[in-house]
Amino acid sequence: ESAWRRMFEQLKGYKQLKGDCIVPEGWPDNPQLAKWVQRQRQEAKNLNEGKKAKIDHERISELEDIGFHW
């Protein structure tokens, strides 16, 4: 939970800086955040397809609340 929350806070900081949540793939300023964003998309896809996922609907809602693009 805490690792997810830490990355979520970094994403919020990115949005404050850039105005959106569209972190470019391989973003050199924070490649870890870029990978995390891609992983959230993949995990949400897995959840929607009924596969095992490391994300739940609550986290998806939190991401959507800050303007996350799937």
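Predicted model: local features only at pLDDT ≥ 70, side-chain atom pairs only at ≥ 80, totals over all residues.
Residues are numbered from 1 along each chain as its sequence is written, and side-chain values use heavy atoms, with hydrogens and water left out.

Let's begin with H1. Helices here are DSSP runs of H or I with at least four residues, and strands are runs of E with at least two, numbered from the N terminus. H1 covers residues 2-18, and at 1.5 Å a residue its 17 residues should span 24 Å, which agrees with end C-alpha atoms 24 Å apart. The expected span is 1.5 Å times one less than the number of residues. After H1 comes Gly19, with a positive phi near 90°.

Which residues of H1 are buried? They are Trp4, Met7, Phe8, Leu11 and Tyr14. Viewed down the axis of H1, these buried residues fall within an arc of 110°, so they line one face of the helix. That arc is taken from the directions from the helix axis to the C-beta atoms. Buried means under 20% relative accessible area, exposed over 50%, and partly exposed in between, with a 1.4 Å probe and protein chains only. On the face turned away from the buried side, H1 carries the exposed residues Ser2, Arg6, Gln16 and Leu17. The cover over the buried residues includes helix H2 (31-48) and helix H3 (57-65), where contact means heavy atoms within 4.5 Å.

Now for the charges. Side chains of opposite charge can pair when their charged atoms come close. How many salt bridges does the structure hold? There are 3, each defined as a side-chain nitrogen of Lys or Arg within 4 Å of a carboxyl oxygen of Asp or Glu.

Take Arg5 and Glu62, whose closest N and O atoms are 2.6 Å apart. Arg5 sits in H1 and Glu62 in H3, so this pair ties together parts 57 residues apart in sequence. Arg5 is partly exposed at 28% relative accessible area, whereas Glu62, at 19%, counts as buried.

Next, Lys12 pairs with Glu9 at 3.3 Å between the closest N and O atoms. Both lie in H1, 3 residues apart, about one turn of the helix. Lys12 is partly exposed at 35%, and Glu9 is partly exposed at 40%.

Finally, Glu49 bridges to Lys51, with the closest N and O atoms 3.0 Å apart. Glu49 is partly exposed at 43%, and Lys51 is partly exposed at 48%.
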